[in-house]
Amino acid sequence: MGGKGSKKSRASLELTPKEIAMLKANTKFTEKEIREWHAGFLRDCPSGKLDKKKFVDVYKQFYPQGKADSFCKYAFNTFDANNDGTIDFDEFLLAIAATSQGDLDDRLEVAFEMYDVSGDGQIDQKELANLISAMYDLVGESDRKGDKDPKKRAIEIITKLDVGGDKKLNKQEFIAGCKNDPVIRRMLAPNV
């Protein structure tokens with residue numbers, strides 16, 4: 001049993017040919033780029049694991065004017081694929097690829113997973129309102145009145161995208177609705 005654990009921790013510190021092949025197959029990164037990402041990851045996380053606190057610290061560098069804590073809770077739980085409380089290099093690079101390289105469907109699928117906090121395959125108004133609040137915190141948006149009220153925005157978005165009429169969004173409704181709404185599409189996948 002101890003042998004397996006030590007192999008896993010060594011694998012997170014040294015890229016194996018099998019790991020590189022898996023990452024190349026599942027991303028658009030070259031081997032050189034994978035090695036560069038890995039070197040940077042180990043520089044920031046010498047243990048080969050990114051914990052929640054470090055994850056928040058990294059986000060704070062990108063959003064210094066906002067509060068990253070709330071948003072990072074959603075993002076971290078989405079990227080921690082094996083639910084061990086840390087993000088290893090493979091999870092990290094696959095998440096980077098999914099949010100930056102994937103086509104619109106891939107990106108919207110990641111967004112759906114992030115927003116579906118309960119994990120029931122549906123996004124309800126409360127989940128969406130909480131996430132909108134977290135996104136506002138992240139970017140330092142303090143005006144939450146009128147059209148910018150997170151609860152109001154959540155109701156508006158769900159009303160617009162909810163084909164089934166159950167006041168919740170399943171993954172298909174979410175993806176189709178986002179793809180057909182230029183404002184929502186730009187908000188969720190600005191680079192596509």
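Modeller: K171 is partly exposed, with a relative accessible area of 22%; buried means under 20%, exposed over 50% and partly exposed in between, using a 1.4 Å probe and protein chains only. The model is predicted, so local features need pLDDT of at least 70 and side-chain atom pairs pLDDT 80 or more, while totals for chains, interfaces and linings use all residues. Residues are numbered from 1 along each chain as its sequence is written, and side-chain values use heavy atoms, without hydrogens or water.

K171 forms a salt bridge with E113, whose closest N and O atoms are 2.7 Å apart; the term requires a side-chain nitrogen of Lys or Arg within 4 Å of a carboxyl oxygen of Asp or Glu. Because K171 lies in helix α10 and E113 in helix α7 (residues 104–115), the pair ties together parts 58 residues apart in sequence. Helices here are DSSP runs of H or I with at least four residues, numbered from the N terminus. E113 is partly exposed as well, at 36% relative accessible area. Salt bridges with shared partners join E109, E113 and K171 into one network.

Helix α10 covers residues 171–180, and its buried residues are E173, F174, I175, G177 and C178. The N-terminal end of α10 is capped by N170, which has a side-chain oxygen 3.0 Å from the backbone nitrogen of Q172.

For context, the structure holds eight salt bridges, and 40% of the protein's 192 residues count as buried.

Technical notes:
Helices (H or I, at least four residues) and strands (E, at least two) are DSSP runs, numbered from the N terminus. A polar contact is a pair of N or O atoms within 3.5 Å; within protein, one must be able to donate a hydrogen and the other to accept it, and residues adjacent in sequence count only if both atoms are side-chain atoms.
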